Amino acid sequence: MTLISMASFLSAISQGLLWSILAIGVYITYRVLDFADLTTEGSFPLGAAIAAQCIVNGGNPFTATILSFVVGLLAGFVTGILHTKLKIPGLLAGILVMTGLYSINLRVMGGKANLPLLKQTTIVTSVVEFFSTEANTFSTANAVMMVGVISVAVVIFLLWLMFSTEFGFALRATGDNPRMISALGVNTDIMIILGLMISNGLISLSGGLIAQYNGYADVGMGVGTIVIGLASVIIGEVLLGRRGMAWCLTSVVVGSILYRIIIAFVLANKLQPTDLKLFSSIVLVICLSLPAVKEWYRDFTNRRNHKAEA
């Protein structure tokens, strides 16, 4: 069994931080809204495509990143309208938007399936240039780590503030008990739309950052992202549990980092990259089944203790 190198370990942490923003978006729909949203697999490459196209056309990378968040808001808005106003089931609404976004992403990238960012100024290269001196060059790995830490910290802080407000409590109550919160005068349709917008905005933002990290945007990079997001959420919850909102958001970040470390470890042990999607699904199945296994083990232990006492 081959252990991963320190460079691969740090790279996995950096990637985990960037991917954790997507996982937080998935957490909002999956846990907060109790909404099975597949828009994720369309809004993630949408953010990457918008950011890449903006940068290629000479745009500021920070502006491009903000634009990736904005277009994600629009994607979530469309899904919310289809579900709440046109009464299309949530799962189908997400699939419809995801399918439509495939063509939109191709148009954004000028009909190309892949848009490279070679020799372009991105957030990562901007950070490298800003902190580099004549005597010492700031490494790309450190730049990615810095971008990831700052981005995640800002996202968690802003979401913690939001969920501490009356709106945040109404949003959480919409997922927990929509009938009760509706009886209190809250428009659940608006809550669902806004929740989907925030979720897909974060997912699209993650896509924009990942594109700048990878150095390209690809129309197929959204395939399997919902599995990655759910795996990060479940791993974090299994390890750290569910407490306050800030704790839950932090656990998602930890889950995302651990997921990338697992992927790096598996790749170091000769797993084919083409098998990653299958491996991701298996990891998610294991994580989802852990609570049931723990419950079975607890019942088995209790029954054995009762027999021993008898």
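Reader: Which residues touch the most other members of the largest nonpolar core?
Author: This is a predicted model, where local features need pLDDT of at least 70 and side-chain atom pairs count only at pLDDT 80 or more, while totals for chains, interfaces and linings use all residues. Residues are numbered from 1 along each chain as its sequence is written, and side-chain values use heavy atoms, leaving out hydrogens and water. A nonpolar core is a set of buried (under 20% relative accessible area, 1.4 Å probe, protein chains only) Ala, Val, Leu, Ile, Met, Phe, Trp, Tyr and Cys residues joined through side-chain atoms within 4.5 Å. Of the 75 residues in this one, the top four are Ile24, Tyr27, Leu159 and Leu202.

Reader: And which helix gives the most to this core?
Author: Helices here are DSSP runs (H or I, at least four residues), numbered from the N terminus. With 13 residues in the core, the top contributor is helix H1 (residues 6-32).

Reader: How far apart are the end C-alpha atoms of helix H9?
Author: H9 covers residues 188-214, so at 1.5 Å a residue it should span 39 Å. That expected span is 1.5 Å times one less than the number of residues. The model agrees, with the ends separated by 38 Å.

Reader: Which residue caps the N-terminal end of H9?
Author: Look for a polar contact, a pair of N or O atoms within 3.5 Å, where one must be able to donate a hydrogen and the other to accept it; residues adjacent in sequence count only if both atoms are side-chain atoms. A side-chain oxygen sits 3.0 Å from the backbone nitrogen of Asp189, and that oxygen belongs to Asn187.

Methods
Buried means under 20% relative accessible area, exposed over 50%, partly exposed in between (1.4 Å probe, protein chains only). Helices (H or I, at least four residues) and strands (E, at least two) are DSSP runs, numbered from the N terminus.
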